[in-house]
Each structure stands twice: as C-alpha cells, then as structure tokens.
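Let's take a friendly walk through a protein fold. Have a look at the picture first, then read on.

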Amino acid sequence: MFLTVEGGEGAGKSTLIRLLAEALKARGLTCLCTREPGGCPLGLQIRPLLLQRAQTMNNRAELLLFLADRAQHVAEVIRPALERGEWVLCDRYSDSTIAYQGCGRGMDKDALQRLNDWASGGLWPDLTLLLDLPAEEGLARARARNGLTHREESEGRFESEALAFHQRIRQGFLERAARWPERFCILDARRSPEAVLCEALAAIDRLHG
Ligand code: T5A
C-alpha cells in the first residue's frame, strides 16, 4: 500500500504521518515513513539546495532537482519497500510538484504530469490524504514551528513566498482531488490532530477493507 500525505505549508503532514504509523503498527502492519525531498541519501544532499532560504534558482532547475530526488527515492526506497509488502507513508510526492511548480510557479501542468510519470517510473499512490486548510493558517503554524526549531534560514525558502503563491497551491491540490476522487481523500486540517487521524484511518479502512 502506497499512501501519500499532501497539503500546503504547516498543514500537519508530518504530525499525521507519525500518528498514522503508530496506529498502523498497532494493527501489526509494517510501515516505512519517508518524505520528499530528502527520503534517501542522495535526496538528503538535494534537500538543502531546494529549501535554503538564501538559495536562488531558475524554475526549471528547481523542478529537475525535485524530480531527481523522486527518481532516486522511488528506485532506492519506495519500490523496494512495496515489493517487501510494507506500507509506505510518504510526506509529499508527485502531487506537490504539480501544485507547487505547476500552480505556484506557473509551469505547464500536463508536462509536469508526464515528467512525474517518467521520474517515478509510473508509480502513483494508492491513496492520497490531502490536508486542507486556509494558506494563512498553515503558514502561521509553520512559521511558529520554525521559530521554535530555528529552521527559518535552513528550510524556509517556500514559506517565504507570497500568500497568493500559497493560495494557488491550495487551489491546485483541491483541483487534483476533484479530478481523481477515487485516489484522494480531503481532510479538514483545522481539526485537532486526533480528529484528523480518525478521518484518515476511516479513509484507509474504506479503501483497504
Ligand atoms: N515541494 C516539495 C515542491 O515545491 N515540490 C515538490 O515536488 C515537493 C516534493 C518541502 C517544501 O518543498 C516543496 C513544498 C515545501 O515547501 P518541508 O520542510 O518538507 O518542505 O515542509 P512541508 O512539507 O511544508 O512540511 P512542514 O514541515 O512545513 O509542515 P507539515 O509537515 O505539514 O506540518 P507539521 O506536522 O510539521 O505541523 C506544523 C505545526 O503545526 C502543528 C505542529 O505541532 C507543528 O508545530 N500542528 C497542528 N496544530 C493544530 N492542529 C493540527 N491538526 C496540527 N497538526 C500539526
């Protein structure tokens, strides 16, 4: 089972993945939790290039770094785990590329869909949990968290984008969810982490029986 968690900045993706993994392990399932960018050794080298606030980058270069991270991550981590029969819980994946580089940066979404297909060898998630909340609320959460953990300079490049950028990303995710309703489940991320977890488990049970 390949499950991805998507959404804007500070939507609670890492929090949900941690709680989901605990709940699924309690059911006796083997789970691999991973993330993009940075879910494999090569990706860990790419991640700071993409997220450091001081970094400036051409949109195409940015896209190709995300795709390089994904290609290696799928080949080295995700596919082998799926082949071992494990559940893979991934914090961001191809839908983020289309929302951020497509709707955020204005790159061609159909071209991005094909490039994602190519980079991942055609691997799409079985289920995508979309954590939805107003962009202002997610940014406020992410900035508060960054202040506490001193992540502002090392990982704040996207969070420093204008509010309109983040609003386009939210719309982009919602459009994808409307287009593929059988793969997506939209969760109201303004609710408590426990309430979001309950809804996520219900979505998994509906799909997995
Ligand atoms: N990106 C990524 C692209 O542009 N293209 C791509 O193809 C890919 C893969 C990655 C960046 O790269 C971009 C998108 C991103 O900008 P990242 O550091 O991985 O950056 O950052 P994010 O994925 O945005 O994740 P964050 O760490 O910012 O946020 P999360 O994981 O959504 O949120 P989380 O769980 O850390 O929670 C944030 C704060 O809110 C609290 C938490 O305790 C924490 O303090 N919180 C809640 N508060 C209230 N209610 C809830 N339900 C809460 N859940 C969590």
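Predicted model: local features only at pLDDT ≥ 70, side-chain atom pairs only at ≥ 80, totals over all residues.

Residues are numbered from 1 along each chain as its sequence is written, and side-chain values use heavy atoms, with hydrogens and water left out.

**The sheet**

Helices (H or I, at least four residues) and strands (E, at least two) are DSSP runs, numbered from the N terminus. Five strands make an open sheet in the order 2-3-1-4-5, paired in parallel; two strands pair if DSSP finds at least two bridges between them. Strand 2 and strand 5 (184–188) sit at the edges with a single partner strand each, so one side of each has no neighbour in the sheet. From one strand to the next, the twist averages 20 degrees. Strands 1 and 3 run parallel and are joined by four bridges, and Phe2 stands opposite Val88 in strand 3.

Helix 8 (residues 163–179) packs on this sheet, touching strand 1, strand 4 (127–132) and strand 5, and its direction makes about 145 degrees with that of strand 4. Such axes are lines fitted to C-alpha atoms, for helices over the stretch in contact (heavy atoms within 4.5 Å), and angles run from 0 to 180 degrees between N-to-C directions.

**Trp124**

Trp124 lies in the loop between helix 5 and strand 4. Leaving aside neighbours within four places in sequence, its contacts include Phe2, Tyr93 and Arg176. Here are two of its distances:

| Pair | What is compared | Distance |
|---|---|---|
| Trp124 and Leu3 | C-alpha to C-alpha | 9.2 Å |
| Trp124 and Asp117 | side-chain polar contact | 2.7 Å |

A polar contact is a pair of N or O atoms within 3.5 Å; within protein, one must be able to donate a hydrogen and the other to accept it, and residues adjacent in sequence count only if both atoms are side-chain atoms.

**Helix 3**

Why does the length of helix 3 (residues 59–83) fit? At 1.5 Å a residue, its 25 residues should span 36 Å, and its end C-alpha atoms are 34 Å apart, which agrees. That expected span is 1.5 Å times one less than the number of residues.

Among the buried residues of helix 3 are Phe66, Leu67 and Val74, where buried means under 20% relative accessible area (1.4 Å probe, protein chains only). Their cover includes strand 1 (2–7) and helix 2 (41–51). Just after helix 3, Gly85 takes a positive phi of about 85 degrees.

Key: Buried < 20%, exposed > 50% of the residue type's maximum accessible area, 1.4 Å probe, protein only.
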